[in-house]
There are 2 protein chains.
Amino acid sequence: MEEQVLKPYVIGLDLGGTNSVFGIVDSRGNIKATTAIKTQGYDTVEDYVDAAVNALQPIVDQVGGLEQIKAMGIGAPNGNFYNGTIEYAPNLSWGHDGVVPLAKMFSERLNNLPVALTNDANAAAIGEMTYGVARGMTNFIDITLGTGVGSGIVINGQMVYGSDGFAGELGHMVVRPDGRSCGCGRKGCLEAYCSATGVARTAREFLETSDEPSLLRDMNPEDITSYDVSVAASKGDALANRVYTFTGELLGEACANFATFCSPEAFIFFGGLTKAGDLLMEPLKKSYDAHVLKIYKNKAKFLISSLEGSSAAVLGASAVGWDIK
Amino acid sequence: MEEQVLKPYVIGLDLGGTNSVFGIVDSRGNIKATTAIKTQGYDTVEDYVDAAVNALQPIVDQVGGLEQIKAMGIGAPNGNFYNGTIEYAPNLSWGHDGVVPLAKMFSERLNNLPVALTNDANAAAIGEMTYGVARGMTNFIDITLGTGVGSGIVINGQMVYGSDGFAGELGHMVVRPDGRSCGCGRKGCLEAYCSATGVARTAREFLETSDEPSLLRDMNPEDITSYDVSVAASKGDALANRVYTFTGELLGEACANFATFCSPEAFIFFGGLTKAGDLLMEPLKKSYDAHVLKIYKNKAKFLISSLEGSSAAVLGASAVGWDIK
C-alpha cells in the first residue's frame, strides 16, 4: 500500500480503432487529466508511440511528473496480456501484420514505468471490478455490447487470460449452428446477433420477411442502425420492439450456456446496446430463467455497468495498471 | 512439505450411485490399500457414514493409523466444494431431498481430519493435474464421457467452482438449440449426444432413419449400448463408424465453443467412451480445427486421460484431499 500512497496515479490508454484516449486516474476512478491522439495515420508503431508520449507529457506534468505515476494500463484490440503485445490487429495500420510489443515500448519511453496491456473487453471487466458494480465480486462475466460483442471473465478474483492471453471471446461462441455469417469467417456467433450491427441486421431481416408497418420502413434498410431501432422502439414501434426482444432472448440463452462454465455471481453488460435498458434486459432475464440449468436458477445478478459514458474505456484501461502485481 | 513427509497418505472416496470405493493413496498416486461399501441401502446418512468408517478402519490401520493420513477427498454427485455438502443428489437414497454435510460428518468421525468434497468430474480434473497427463498444466478442461458428460475446468492452476460451488457443467451446454431432450429437462445439451447413452441414441436414430445394413440390426434397438456400437465399429460396420464420427464431430464443435471461454492448453478426455480411441478422437480433432476461432487454431492439445481404469475415480477423489490448502 505504501507505494500506492507515494504514487497515487496510473495512466490509462484506451486504444481504439480511431482515437487513442489517455487519462491519469486515481485509485477511486477519478480522472485527473486527459488527452488524445489519432490512432491511425502513422507509418510505424514507433511514430505512434512518439506522438503518444509527446501528448502524455503535459498531463503527466500536470499531476506532478512520472514519479507520481505507479503504472500504465492499455486496453487495445488483439491485446495479449501475457506478452504485452498487440497481435495481428486487423484495424490498426501499424499493427495488422505482426506482433507489436507495445507495453515494452511505452515502458522504455516512460522511464521503465510498469505497463500492462489487454484487450478492451478484459479492460472493461477489470475496470468494473476496480471502480464499478463488480467491486468485491470474485466470479463474474462482463459482456461488452458494442459494434461487436466482447467479454471479460473473472474467476476466483482473477482475469481469465487462458493459455495464450486471448481467452474470453464469448462473442464468438456459436449460438446458432449454421446461423448468420460472422465477421470472423464462421457462422452463428453470438456477435452476429447481439451486437449493434446484429441488432440492425435483425431489424432488416424482420422488415424483409413481413409487411408489418414500422417507422423503420421510412429508412433505407442499409442505413438502419441499432440506435434507429431503439428510437423507433421508444416510440412504440412494435417491430422495433420485437428486434430488442429477439436480441435479449438470444443473449439470455447464451448467458444460460455461459453459466455452465463458471456459474458467475453476475453478468455485467457494458457498451452502447445497454442504453436500450429494459427493452433488452427484461427479455434477457426472462430467457435466462427459462433456459438455465436448474441448479443455477435465481443465482446470477444481471447488472448494467456503472462505468457507462465516454470515460469508461479509459477507466477500464487504467484499472489494468492498478492490477499489475 | 514437512507435513506431507510426516503424513504421507490421503484417503480418496469415489462415491458412486452404486458403490463407494475408498483408497489410501500416496503423493505419487500409488494406491496403498482399498476397500468398498454399497452406497445405497442405508436409512440415513449417519448409517452410511458409520458403515464407511467401519470399512475404513482396517485399511487405515494397515498404513499405520490416522496419524499417517493428511486429509480425505471425496468425489460425489452434486458435491459442493465450498460447503463440503452433497445437495439434492437424485440418485442417492440418503441424499436426494436435502443438503448433506458429508465432509463435516467424515471429519468428525475421523479425528477432525481435513475433508474436502467436490463432484466426480471436478475430482477427475484434480486427479489429472495431480497424477495424470495434466501435471504442470494451469489451464485445461477435463471432460468425462460416461453415462453422462461431466467436466472439470482448471484456470490459472485453480479448479473453477464458480460463485456457488457448482461450476463446470459443460455437459449441459446447449449445442443444438431445440435438439434432443436431455435428462436435465432441457433440450440440445451436449450430454444428450456425446455421452454413452447419447451414442446409443445416435445409433438407434441412424438405424431408424436408414435401411443401411449393420451388425447392430441383429439387436433389439433398446438394448444397444455404446459398447455394442464400438464393437460393431471395430468390425468395420459402416453405420457404427458413422455414429462415432457424428459423436466426435459434435464434441469437436463443442470444444471449439469452450475455447472461446478459457483458451485451454489442453482438452483431456476421461471415461468409458474414450475407449473408442481414434474412432472418436480423429473426427473430434478435425471438427475442432474446422470450427475453432482463428486465434485459437493449432494451440490446444487433445489428450486421453492416463488415469483410465477402475482406480481412476478413487485417485481423482484422493487428489481433492492433496489439494486442501
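This is a predicted model: local features need pLDDT of at least 70, side-chain atom pairs count only at pLDDT 80 or more; totals for chains, interfaces and linings use all residues.
**Exercise 1. Classify how H8(B) and H9(B) are oriented to each other.**

Solution. Step 1: locate the helices. H8 of chain B covers residues 238-262, and H9 of chain B covers residues 278-291. Step 2: take the geometry. Their axes come within 7 Å and cross at roughly 40 degrees. Step 3: apply the cut-offs. Angles under 35 degrees count as roughly parallel, and 65 to 115 as roughly perpendicular. H8(B) and H9(B) are therefore oblique to each other. The crossing is right-handed. Step 5: list contact residues. Among them are Tyr244(B) and Leu251(B) of H8(B), and Leu280(B) and Tyr288(B) of H9(B). By class, the contact has 10 nonpolar, 7 polar and 2 charged residues.

**Exercise 2. Is Asn111(A) buried or exposed, and what about Asp178(A)?**

Solution. Step 1: place each residue. Asn111(A) sits in the loop between helix H3 and strand S8 of chain A. Asp178(A) sits in the loop between strand S11 and helix H5 of chain A. Step 2: apply the cut-off. Exposed means over 50% relative accessible area. Asn111(A) has 65%, so it is exposed. Asp178(A) has 69%, so it also counts as exposed. Step 3: check the backbone. Most residues other than glycine have a negative phi. Asn111(A) has a positive phi of about 60 degrees. Asp178(A) has a positive phi of about 60 degrees too.

Definitions and conventions
Residues are numbered from 1 along each chain as its sequence is written. Chains are lettered from A and ligands numbered from 1 in the order in which they are written. Side-chain values use heavy atoms; hydrogens and water are left out. Axes are lines fitted to C-alpha atoms, for helices over the stretch in contact, and angles run from 0 to 180 degrees between N-to-C directions. Helices (H or I, at least four residues) and strands (E, at least two) are DSSP runs, numbered from the N terminus. Angles under 35 degrees count as roughly parallel, over 145 as roughly antiparallel, 65 to 115 as roughly perpendicular and the rest as oblique. A crossing is left-handed if the near helix is turned anticlockwise from the far one by less than a right angle, and right-handed if clockwise. Contact means heavy atoms within 4.5 Å. Ala, Val, Leu, Ile, Met, Phe, Trp, Tyr, Cys and Pro count as nonpolar, Asp, Glu, Lys and Arg as charged, and the others, Gly among them, as polar. Buried means under 20% relative accessible area, exposed over 50%, partly exposed in between (1.4 Å probe, protein chains only).
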